[in-house]
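Here is a walk through a two-chain model.

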Amino acid sequence: MTALVEAEKTVSKKGDIMSGRVIVITSGKGGVGKTTTNANIGTALARAGKKVVMIDTDLGLRNLDLLLGLENRIVYTIVDVVEERCKLKQALVKDKKNPNLCLLAAAQTRDKTAVTEEQLKEICEELKKDFDFILVDCPAGIEQGFQNAVAGASEAIVVTTPEMSAVRDADRIIGLLEAKEEIKSYKLLINRVRPSMIKSNDMMSVEDVVEILSASLIGIIPEDTGIITSTNKGEPIVNDEKSLAGQAYRNVARRIIGEDVPFLNLEEDTSIMSKVKKFFTGLIGKEK
Amino acid sequence: MEKGYVENGFIVDLAHAKKASEVLYELSKVLDMPEAKNKSICLKLGELNLTEPELVSIKALIETMHSTIEFISTVSEITTTSAKELGIEISNIGTVLPALDITASEEKNETVNAELETALDKIFGQSDFEETDPEEPDHPEIQTNSAETDNKEVQLVSFEEPEDLETLRKNDRETEKLPTLYIHRTIRSGQSISSEGNIVIIGDVNPGAEIIAKGDITVWGILGGIAHAGSDGNTYSKIRALKLNAIQIRIGNIFARRPDTVNTPYIHRTDSYVPEEARVNKNHIMIYKLHEA
């Protein structure tokens with residue numbers, strides 16, 4: 001058994017035999033948390049010991065570097081790679097904490113036409129040799145930027161929130177993904193879920209969304225104000241062990257790797273008071 | 001007044017009113033609504049006796065809202081004479097209507113009256129307004145009787161059937177000859193399916209999707225998008241679904257939109273569907289429950 005693990009390690013060191021999974025993270029609608037999801041899943045996968053590279057294809061509106069706190073380290077961007085001003089490896093920015101994690105940043109001064117589908121495909125193929133996971137951060141919309149991002153991918157994660165508009169756009173995106181032969185599978189990630197609002201019938205439930213989109217679920221992320229602070233700090237929330245959203249993202253990463261992780265019970269975990277209560281009632285129960 | 005509606009207007013049922021003041025009060029409430037301006041108004045007055053000055057004040061009230069009295073219906077002789085004096089047209093709707101009797105539907109006259117009655121019920125039961133001209137930019141709402149009381153629906157179905165059955169059957173045979181496009185997947189937002197023949201979809205049609213067929217459309221799932229059957233103008237085409245929740249239904253050249261009161265963009269899946277069928281009945285798209293037919 002150990003021998004097998006060793007063998008696997010040497011294989012991955014050789015590089016040429018390794019073939020990574022290219023996953024595009026998309027949503028159609030903007031502001032539902034594509035980039036946040038990307039940063040967190042990427043970080044979580046890297047924490048789990050996988051070699052991960054994230055590609056930001058949102059040319060002209062790059063954000064992924066901010067979320068990771070890597071803005072000041074970017075020298076070359078994806079456009080520099082495509083226009084052959086540098087080698088691909090030179091453009092990869094290593095994460096501050098995790099050496100397994102790399103970022104290929106988008107160019108802020110250019111627009112979506114600066115890169116073509118073919119070029120992105122090539123970049124993905126090349127990165128596949130050295131990484132376990134290539135996460136492609138897709139821009140909002142269904143235009144060239146989306147087409148580029150999807151070009152090299154074989155799997156997709158569709159991010160949506162429990163809102164009618166986001167679900168409608170996700171439906172459109174799934175339709176487009178289904179039409180693409182290269183995309184072998186797509187999974188649904190429901191972001192910004194508020195159990196209390198669902199309980200009071202003010203928000204669509206997770207079941208509703210899954211039912212409407214008839215897609216399989218890979219994660220449910222609760223609404224967490226910590227996301228805002230983590231974005232501002234450039235520190236993905238998965239690094240916060242206490243955060244429920246962080247936990248949810250770590251679970252998503254484990255599911256991507258292939259583990260069978262049950263979905264978090266958001267209702268129970270939301271209230272600290274209920275936990276405290278449970279603890280005390282537990283104590284009293286024991287004493288009796 | 002042969003049809004159950006008024007061009008650019010509506011009918012106000014005041015048959016229950018006992019005094020002229022009640023009529024004025026009820027009427028002022030109706031006229032206060034912004035939609036009531038510049039409309040032809042028909043008053044259903046029943047047995048109420050109105051003198052000439054009373055009618056003048058009612059007329060004046062209506063005219064302050066820039067509307068006009070199209071006609072009034074009454075059984076009272078006093079009201080009739082006062083109306084005649086004022087030159088207001090009298091119609092006998094609501095007075096000659098027979099008690100609703102399903103067996104009476106064999107005769108055509110009775111059918112028209114009964115249709116009128118149900119149309120009136122609809123108006124008075126839900127709101128005082130009804131858009132009736134299908135060519136108007138603001139399309140008439142889909143007249144869903146499935147959501148209403150079961151009574152109404154049974155009436156509508158049984159009154160309509162004898163008249164059109166022959167043509168419907170004939171058309172069924174015609175559509176059978178058309179080729180059928182068979183699709184087994186969910187049709188999603190932004191996708192459009194069109195066919196020269198019939199379309200059968202096993203799966204849902206999500207909002208934002210579009211289905212266009214020259215023949216019939218059948219959806220074995222929830223129809224939530226736009227469906228257009230009989231796209232070459234055949235108004236005998238039908239649209240069927242396990243659940244009809246279409247944003248817009250078009251059959252031939254007739255349009256209908258989902259009522260604004262139905263604010264359920266998405267329908268929950270259940271184990272017990274009542275399949276529904278949309279077809280054209282006298283220039284209106286009607287939805288019928290299939291299992292009761």
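Helix 1 of chain B covers residues 20–31. Its 12 residues reach 16 Å from first C-alpha to last, close to the 16 Å expected at 1.5 Å a residue; that expected span is 1.5 Å times one less than the number of residues. Helices (H or I, at least four residues) and strands (E, at least two) are DSSP runs, numbered from the N terminus.

V23(B), L27(B) and V30(B) are the buried residues of this helix. Buried means 20 or more other C-beta atoms within 10 Å of the residue's own, exposed 12 or fewer, partly exposed in between, with C-beta atoms placed from the backbone. Seen down the axis, the buried residues fall within an arc of 55 degrees, so they line one face of helix 1 of chain B. The arc is taken over directions from the helix axis to the C-beta atoms. An α-helix has 3.6 residues a turn, so residues three or four places apart point the same way. The face turned away from the buried side carries the exposed residues S21(B), Y25(B) and K29(B).

The model is predicted: local features need pLDDT of at least 70, side-chain atom pairs count only at pLDDT 80 or more, and totals for chains, interfaces and linings use all residues. Residues are numbered from 1 along each chain as its sequence is written, while chains are lettered from A and ligands numbered from 1 in the order written.

Chain B has a mean pLDDT (the predictor's confidence in each residue, from 0 to 100) of 71.
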